Amino acid sequence: MEVTPRGVRQRERALLAALRLPKQRRFEVEESLDELGRLAESAGAEVVGRITQERKAPTPKLYFGKGKVDELKASSERQAANLVISDDSLSPIQERNLGGSLGLKVIDRTALILDIFAQRARTMEGKLQVELAQLSYLLPRLVGQWKHLERLGGGIGTRGPGETQLESDRRMIRHRIQKIRGDLNRVRTHRRLLRDRRKASGLPVAALVGYTNAGKTTLLNQLTGAGHVAADQLFVTLDPTARLVSRAGHAPFILTDTVGFIRKLPTQLVAAFKATLEELTEADVLVHVVDASHPGLDDQVQAVEALLGELELMGRPMVVALNKMDRLEPSAARALLARFDGVAISARTGEGVDALLTRLDEALRPRVVRLTLRIPYADGPALAACYERGRVLSRQDEPEGIRLEVELPRRVLPSFEGYRISS
């Protein structure tokens with residue numbers, strides 16, 4: 001965002017640019033540009049145009065060909081654009097040369113996503129993770145920040161103070177990166193303690209995963225009654241959340257919500273958000289929330305599965321929740337259900353949520369044991385624990401105590417061995 005002399009904030013006018021390589025299909029590039037446009041709008045920019053070039057490979061100096069750069073310059077002048085956003089990552093040299101040729105600020109998709117994350121981070125942990133990713137991205141680009149060196153022309157008389165300042169900045173950034181990593185290690189230790197506490201409760205854990213804006217937070221709110229912010233925007237949720245799901249007729253479990261995935265997710269963010277993504281490694285089952293109404297859902301599913309593969313989580317039990325199915329024609333909905341073996345839901349209305357919980361019961365069942373207990377009337381805490389940690393299937397009040405047919409997580413069985421009787 002820019003500020004006018006009167007202090008009124010003015011939206012930046014962005015021109016989008018992409019390269020289509022021989023192996024890429026045209027619609028894939030267009031869909032990626034559509035998404036880039038939504039990202040730019042999420043960051044506060046106004047998209048005023050888009051340009052695509054077909055090439056066998058990017059050029060080392062400018063990424064785009066010289067003729068296309070001239071076209072970008074002419075289009076930016078015509079549209080009064082003051083920002084160019086590349087859909088693909090640019091090297092520091094390409095970014096610097098392209099910006100110099102256009103006379104405009106140039107950023108790539110990575111910088112754009114980092115900017116959105118910086119705007120959305122609310123907790124100290126989230127802000128630290130975003131700052132780490134931004135500094136890791138900035139470090140190799142520092143030379144471009146020292147344009148006064150270029151204006152001096154190089155050679156004799158230009159060495160010394162400038163270079164010293166550049167190295168000083170590098171040292172400061174490296175020192176800050178080291179400090180943030182130390183702080184995040186303490187965050188990871190804290191999160192590990194929280195996960196150990198959840199394990200001690202004996203309740204199984206399900207983790208929501210999915211493409212950004214697929215409806216994960218809306219589903220969390222629907223299942224738990226929480227009031228977390230859920231909006232039709234990209235990357236609304238950055239900080240992990242854990243809530244208890246306890247519905248009549250279904251085994252209780254803990255549900256966690258984490259940051260959404262996206263195509264071309266910057267490697268700096270994956271590394272920086274390691275503490276957050278570690279929440280997924282402790283889950284007994286993953287709930288992959290898919291926006292069934294999105295035209296590019298296959299690419300979105302592929303992007304999520306690719307990142308889960310990087311995190312070595314593709315072998316984890318998974319339930320696919322096909323969200324926003326109420327927007328589809330019945331025939332299209334049936335075809336999707338057959339393809340994904342998923343559960344049709346509407347996180348917004350709650351339609352299909354009971355069927356999703358039934359599927360989760362089945363997925364979690366290997367971690368649950370069915371047994372018969374007799375609990376003395378005086379032992380209220382043990383009785384309460386059965387209802388809190390398990391699913392009570394039947395209850396009989398007998399002279400000797402309360403007889404329960406119950407399903408309990410294997411983790412908590414030792415606590416109930418003294419109450420166990422043959423069924």
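Which residues is Leu-297 in contact with, leaving aside its neighbours within four places in sequence? Let's work through this and two further exercises together.

The model is predicted, so local features need pLDDT of at least 70 and side-chain atom pairs count only at pLDDT 80 or more, while totals for chains, interfaces and linings use all residues. Residues are numbered from 1 along each chain as its sequence is written, and side-chain values use heavy atoms, with hydrogens and water left out.

**Exercise 1: solution**

Step 1. List its contacts (heavy atoms within 4.5 Å): Val-290, Asp-291, Ala-292, Leu-336 and Phe-340.

Step 2. Check burial: Leu-297 has 9% relative accessibility and therefore counts as buried (under 20% relative accessible area, with a 1.4 Å probe and protein chains only).

**Exercise 2**

Find the side-chain partner of Ser-32 in a polar contact.

Step 1. Go to helix α1, residues 26-42, where Ser-32 is found.

Step 2. Ser-32 touches Asp-87, Arg-109, Arg-263 and Lys-264, not counting residues up to four places away in sequence.

Step 3. The partner is the side chain of Asp-87, at 2.5 Å (a polar contact pairs N or O atoms within 3.5 Å; within protein, one must be able to donate a hydrogen and the other to accept it, and residues adjacent in sequence count only if both atoms are side-chain atoms).

**Exercise 3**

Identify the buried residues of α14.

Step 1. They are Val-353, Leu-356, Leu-357, Leu-360, Asp-361, Ala-363 and Leu-364.

Step 2. These residues cover an arc of only 165° around the axis, so they sit on the same side of α14 (the arc is that of the directions from the helix axis to the C-beta atoms).

Notes:
Buried < 20%, exposed > 50% of the residue type's maximum accessible area, 1.4 Å probe, protein only. Helix = DSSP H or I, 4+ residues; strand = E, 2+ residues; numbered from the N terminus.
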